[in-house]
Amino acid sequence: MLWSLLPIVFFICFSSAINNSYVDIASRPYYFQDTHGPILKKSLGRSARNIQEDYIVHKIHSGNSTKRPKYDFYELGKDFTTKKHDGVDLVNGKYIRLHNPLKHFSILEPANTCKNKTAHTVKETATKAKKCIVATNAGFFNVHTHECLGNVISNSQLVQSTTNRNANFGITKKGNYYVGYMTPETPKANQDEFVNLVSGVIWLIRDGKNYVKESEKLEFEGTQASGSINYFVNLRSSRIGLGHDAEGRLVIVQFDGDGNHDKGLNLHELAELMIGMGVINAINLDGGGSTTVVHHNYVANAVSDGADSCPHLPSDLLFREMIRCERKVTTITCIHNDVDLDDSKNNQNKELLPDCKTVDEKTTRFIVLGASGVLVFLLLLIIVLMVMSIVICCRNEKDKPFYDSLDESDEDPIESMPMQEFMNDEQSSPANDVELEVIVTPSTSTQ
């Protein structure tokens, strides 16, 4: 009797192991709370009010094209695991280098703006708010309230500023990169000078050198949600860095990770890798389950968020705990064609606002629905006519005389024989005097 219970016990243990390894850990990018966002307690981080500005300015590469972005997009692979394996266990990534960023790079708000506190996937904002050729997640945010965190200037428009001290990456109208720390007054006082600006957490590279240790002592840690700033820096996770090289080309480097922190990069490793790729100034953007790269409207990297981030996914779906989905985020980076930035700023949020449809959109929807209704009606009419034709044909075949269906060359044996001969034949063959013997023989084939 006890032996029969062993399969049940094994199944329960196996299910528990799956749940612990995937649901409880892998679906969360951080150990200390269920979802990504600032720690819900008073942070021990430092405020920017008491520290002076500290930043690097570098000339932007003008590029060879003014109409379209000139960029490089490479696949990366590197062994970054905490566990030793017999085989090579690669963590894949992306290397994106933009030669002419001044008119082809933007920091975009979420599709329904930071002010409305809404989050969307990178793909939604990239494809609907603006036609981004390449897009990634950008600044940190509060997943509970969908509040954008840090400084944000989008296409010359000041979205928000912060009093918290975190590393910034910006592009100015004079054609310079701005990388480093600023006071709370800087974004407001210089909003006319910035085209785009975004805050991260940790200044990765400064003047070609790894600046993680120094930055760790200065950063406001409450913007990230892993725990202490030291734990955040040394945590293995999905990572994404934004910076530029010595020639003034904008560089984005992204590496995948997993939710249980067996794979991925810590920030020291990310900085060293980017230095090896020629980056001389860079900051760390939001990582973990937020890390997303979209290329030509397709998610190009391996996202690590759990099934809870998947919209309309059935709760009883088999192997649900093994599914990974793109997380909804706030701000994104966007590489795009040369457009009027002011016009794109005014129009970028209309497509996703549910209650702000224009007359043209309504008219278009009415035309599409009307055309669809006409097509459905015609299809049903054709089906009805076909059914009626089949019924009529079957009825005609049923009412048709049997002999009408015979071929004219066929002769009825009864009608072809004269009546007299038929009668004589019947009389000359007395049935009572003849024994009929039926012999069944096997059918054989002889030569």
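1. A disulfide (a pair of cysteine sulfur atoms within 2.5 Å) joins Cys114 to Cys148, with an S to S distance of 2.0 Å. The torsion about the S-S bond of Cys114 and Cys148 is about -85°, so this disulfide is left-handed. The pair connects distant parts of the chain, 34 residues apart: Cys114 lies in the loop between β4 (105-108) and α2 (122-129), and Cys148 in strand β7 (residues 147-148). Helices (H or I, at least four residues) and strands (E, at least two) are DSSP runs, numbered from the N terminus. Both Cys114 and Cys148 are buried, that is, under 20% relative accessible area (1.4 Å probe, protein chains only).

2. The model is predicted: local features need pLDDT of at least 70, side-chain atom pairs count only at pLDDT 80 or more, and totals for chains, interfaces and linings use all residues. Residues are numbered from 1 along each chain as its sequence is written, and side-chain values use heavy atoms, leaving out hydrogens and water.

3. The disulfide count comes to 2. A disulfide also joins Cys132 to Cys334, with S to S 2.0 Å. Its torsion about the S-S bond is about -110°, so the Cys132 and Cys334 disulfide is left-handed. Cys132 and Cys334 are both buried.

4. An open sheet is formed by 7 strands in the order β2-β3-β16-β15-β17-β13-β14, with antiparallel pairing; strands pair if DSSP finds at least two bridges between them. At the edges, β2 (71-78) and β14 (209-210) each pair on one side only.

How values were computed:
Buried means under 20% relative accessible area, exposed over 50%, partly exposed in between (1.4 Å probe, protein chains only).
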